[in-house]
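This report is meant to be read beside the sequence and the coordinates. It moves from the whole chain to individual residues.

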Amino acid sequence: MVLAPGLASYEGHKWAKHRKIINPAFHLEKLKLMLPLFHECCIEMIEKWKKLISSMESCELDVWPYLQDLSRDCISRAAFGSNHEQGQRVFQLLDELAILIFQGAQSVYIPGWRFVPTKVNRRIKEIDIEIQTSLKRMINKRENRMKAGEAPLDDLLGLLIESNLKQTKERLSIQDVIDECKLFYFAGQETTSSLLVWTIILLSKYPHWQAQAREEVLQVFGGKRPQFDGLNRLKVVTMILYEVLRLYSPGTTLSRTVYEKTRLGDLILPAGVQITVPVCIVHQDPELWGKDALEFKPQRFFEGVSKATKNQVSFFPFGWGPRICIGQNFSLLEAKMALAMILQHFSFQLSSSYSHAPRAFATLRPEYGAQLIFRKI
């Protein structure tokens, strides 16, 4: 897969090898080190909003591009530390690549067409080469500095290389590391920006939940900088994020391959069959969630996911089982930090110019943006 290869697309031994090496970079203790980066990125976004509102009582903002930039900035800094500005160019290229690939996927499929040197196919190849070259340069430079004891280990690239260097038997190749970095970029920014935009839209639509979330944030942090332990105590915020993930899961489908003959209820699935699960349909099934399945009710998660789902596998915004998304905690931590800081500084409501149009692209996006009226608190 040109766009985002890596762990998510691997199977069998290769998947197990990559998961083992990458896993340490996403332990909670490591993620704590990235919290100051998240805070710095959020402050920059909030200051931009304050300047726009400064001369007025309120201001209409399309928050979608700002949230995209926020999540890109967070993953760039978290992945490459001081080299995050170089990462912005990779994001621009990945965005262009995603548009070209998804446009192609929506056209009539012709076997072998991707090998024909059309203008689009040539551009896809050019973009991929530039991304590969840029990432390879950064990885080689970092690895050399780390071997010399000069480079920090508190970003994803450093942690990934450190974990890889510790392997005595099997290590990732330079191409493997490049592929994982592309996946960090693409999946890391797409999922979190999608989660945040739908959260803010729904809190605009349901102001009593916005008020409850703000009250909790101010009770835990006041006007101070959100800290890791406090973010983990935000029960109302967590309930809201889970309910948003249920109704507007960033990934609309989940695919898995059956490796041996399997019975599923009255169905017998032969080996080699690929199953695609419509996440959004399962998440909104009245038989699983009740008659109010289509309603925004964060209180359904008051006692946690297991109680809300009655111990059924009916809530899987990050996948499920051993292949659950390795970046789940990263995304939720970033989302909690961003939402807490937005609630500390602003109140918001839907603008009359907002048009509700969820569209599945790489993730579930607001097709016409997210126009909100913001007021400083």
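Predicted model: local features only at pLDDT ≥ 70, side-chain atom pairs only at ≥ 80, totals over all residues.

Residues are numbered from 1 along each chain as its sequence is written, and side-chain values use heavy atoms, with hydrogens and water left out.

## Overall form

The protein has 15 helices and nine strands, where helices (H or I, at least four residues) and strands (E, at least two) are DSSP runs numbered from the N terminus. Its radius of gyration is 21 Å, close to the 21 Å that the globule rule gives for 377 residues, so the protein is as compact as a globular protein of that length; the radius is taken over C-alpha atoms, and the rule is 2.2 Å times the number of residues to the power 0.38. Along the principal axes, the C-alpha trace spans about 60 × 55 × 45 Å.

Of the 377 residues, 49% count as buried, a term that means under 20% relative accessible area, with exposed meaning over 50% and partly exposed lying in between (1.4 Å probe, protein chains only). The protein exposes about 18,900 Å², of which carbon and sulfur atoms supply 54%, with areas taken from the Shrake-Rupley method with a 1.4 Å probe. Among contacts (heavy atoms within 4.5 Å) with a separation of 6 or more, 74% join residues 24 or more positions apart.

## The nonpolar core

The largest nonpolar core holds 103 residues, and Leu135 and Phe374 touch the most other members. The largest share of this core, 14 residues, comes from helix 8 (residues 174-205). Such a core is a set of buried Ala, Val, Leu, Ile, Met, Phe, Trp, Tyr and Cys residues joined through side-chain atoms within 4.5 Å. In soluble globular proteins, nonpolar side chains tend to be buried together.

Leaving aside residues up to four places away in sequence, Phe374 touches a set of residues that includes Trp49, Ile53, Leu61, Ile342 and Phe346, as well as Glu57 and Ser58.

Leu196 is found in helix 8. The C-alpha atoms of Leu196 and Ala340, which lie 144 residues apart along the chain, are separated by 11 Å.

Helix 1 (residues 12-22) has Trp15, Lys17, His18, Arg19, Ile21 and Ile22 as its buried residues, and their cover includes helix 7 (156-165) and helix 8.

## Loop residues

Most residues other than glycine have a negative phi. Lys310, however, has a positive phi near 55 degrees, and for Asn311 the value is near 60 degrees, also positive. Lys310 lies in the loop between helix 14 (305-308) and helix 15 (328-345), and Asn311 is found in the loop between helix 14 and helix 15 as well.

Ser249 is found in the loop between helix 11 (235-247) and strand 2 (253-257). Not counting residues up to four places away in sequence, Ser249 touches Val244, Val279, His283, Pro317 and Leu364.

| Residue | Relative accessible area | Class |
|---|---|---|
| Leu196 | 0% | buried |
| Ser249 | 4% | buried |
| Lys310 | 56% | exposed |
| Asn311 | 69% | exposed |
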